[in-house]
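Open the model in a viewer and keep the selection panel at hand.

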Amino acid sequence: MAVIGIDLGTTNSLAAIWRNGGVEIIPNALDEKLTPSVVSVSSKGELIVGRAAQNRLVSHPDVTVSQFKRLMGTNEKINLAGQSFLPEELSALILRQLKQDAEAWLGEEISEAIISVPAYFNDNQRRATIAAATIAGLHTERLINEPTAAAIAYGIHETEDEAQLVIVDLGGGTLDISILEKFDDLLEVHACSGDNFLGGEDFTRAVSTGLCHKYEITFVELSAQEKSLLIRQCNQAKEALSGTSHVQFELQLQNRLVAMTISREELINWTAPLMERFNTPLQRAIRDAKLKQDQVSDVILVGGASRMTTVKNHVGRIFGRIPSCTLDPDQVVVMGVSIVAALKHKQSDLQETVLTDVCPFSLGINTVQEFQSGIQSGFYNVIIQRNTVIPVSRVKTYSTIADKQTSMTFSIYQGENRLVKNNILLGKMAISVPSAPAGEETVDIRFTYNVNGILEVTAKVISTGQEKTMILQNSVNQLSETEIQQSLEKIAEYKIHPRENARNLAVLSEAECMYSEFLDERRNEIEHLIYQFEYAIEGQDPATIKSVREQVRQRLNEIKSDLVF
Ligand code: AMP
């Protein structure tokens, strides 16, 4: 049975498959390769996923959600049309849409996928991704780090020579930096670092702040609709400025029509503080990989936001070379993921490559230290060091600290700080030990970190041989089997917008979105187009619907292209 590769992105998601000796990106019902990671609920209570939902971010912001990948692994609930959703559930809706589109396109059932995650994703975020796949009906045996997938798409695994690569992946919400080494048939991630809260959307916000400053607009005083309109326009301007030196547009804000221009230079100035934030994770990755800048054989740019000239220039300056960006930065990750899926299933036309990854952060437990004033707790003792090649299993021995102590409690943390309070608590476990003088009883703590970045902790009392395998009690953000079942039932209750109407819905939602953007004659014209199209839909004649839809779509595109130039 076919296994698909999925890039579950903050802004957009894609699916691909290896067929007939090459990667094929799977188109969705609109024949588009990117499916926006956006979910909305219609007035009839139907769930809408993808492009149409993205359009509704402007026309129906209160019943539409996006950017939930940023919340994966947290227990933050997201309100959508009066119902609260977990980030896993919303991601599951995206995954289910990709699965259905793949099934329609391939003509067979898909029940297994390999999904990419940012290299920087922690344990909870990885577990949340697997839970989302389960809710979507996709078995996921392996997650793959996005930069590793990108390097594979560039064919690095097939090159003869040894190579040291830097992958800079700037997506909608995250920056990932990875140092990869190619040696024989081994592709090894040597180090990775990044920033979970730096992506293209932050550049959009910086543009919006700069623009408000330039035109003396107080952002907080705008209505919710005006805010999302402004953000959408800033996003378009940011993207357009990757190919042109100026953009101009008009916006209706607080009952006045403001004509605006943005130059590429302004964009560079407004986003300069964000570019500075590249330096720390880049330097850290290089340092961890014990690499000198002149040993780097290639720098690969990935992620939609890496199209920005300012990003290309900044990365180029740091490494003194022009970065590689020949493959489409939106598709490069999913291309790599589908190659890994094929490798996993040993497709004969692909050269076997062994992939190794690293654990992107240190993992350890809390311990005490003895001072002159007495014993103090709260110190971090690392068991697995950051950037250790995985899978890895490491053991350390700990002894009791008090006489007649009958149990030992371990708190498990991830992070790089000396004090546990500054790291992330993953969970706690306790194990009974025989009563004895302080320091006499010992427990072996084994941390096993697998290729999916999932951590298992085992404690073994040396004197009795008693063993306990970790169930992360305090792992607040992990869904249990029962919770996954509940999520499945909850989502099943929702009506899904019928797939065959996807094209109609995409055009209608685009028109509604533009209706809220425009005024006067243009607004009247858009209203008329919506009426014309709804009239045709009501008539139920497929040929008429198709022809009116194409006319409306064309006219909407013409109106849009008048806007930005
Ligand atoms: P991704 O998560 O990789 O899909 O990247 C999405 C981000 O890339 C969004 O913030 C987009 O606005 C941004 N993006 C896409 N195309 C461009 C472009 N031509 N110039 C600048 N940013 C872009």
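A polar contact is a pair of N or O atoms within 3.5 Å; within protein, one must be able to donate a hydrogen and the other to accept it, and residues adjacent in sequence count only if both atoms are side-chain atoms. This is a predicted model, in which local features need pLDDT of at least 70 and side-chain atom pairs count only at pLDDT 80 or more, while totals for chains, interfaces and linings use all residues. Residues are numbered from 1 along each chain as its sequence is written, and side-chain values use heavy atoms, with hydrogens and water left out.

**Ligand.** Select the ligand and Gly172: a polar backbone atom of Gly172 is 2.8 Å from a ligand oxygen. Next take Gly304, where a backbone N or O atom lies 2.9 Å from an oxygen atom of the ligand. Then show the 16 residues around the ligand, of which Gly172, Lys238, Glu239, Ser242 and Gly304 come nearest (a residue is near if one of its heavy atoms lies within 4 Å of the molecule or strand).

**Helix α10.** Select residues 309-319, helix α10. Helices (H or I, at least four residues) and strands (E, at least two) are DSSP runs, numbered from the N terminus. Thr310, Val311, His314, Val315, Gly316 and Phe319 are buried here; buried means under 20% relative accessible area, exposed over 50%, partly exposed in between, with a 1.4 Å probe and protein chains only. Which elements do the buried residues of α10 pack against? They are β12 (163-170), α7 (264-270), α8 (272-276), α9 (279-288) and β17 (298-302), with contact meaning heavy atoms within 4.5 Å. Gly320 follows α10 and has a positive phi, near 65 degrees.

**Charges over rings.** Select Lys490 and Phe85: Lys490 lies over the ring face of Phe85, 4.5 Å from the ring centre. Arg523 sits over the face of Tyr515, at 4.4 Å from the ring centre. The criterion is NZ of Lys or CZ of Arg within 6 Å of the ring centre and within 35 degrees of the ring normal.

**Cysteines.** The structure holds zero disulfides. At 6% relative accessibility, Cys212 is buried.

Key:
Disulfide = S-S within 2.5 Å.
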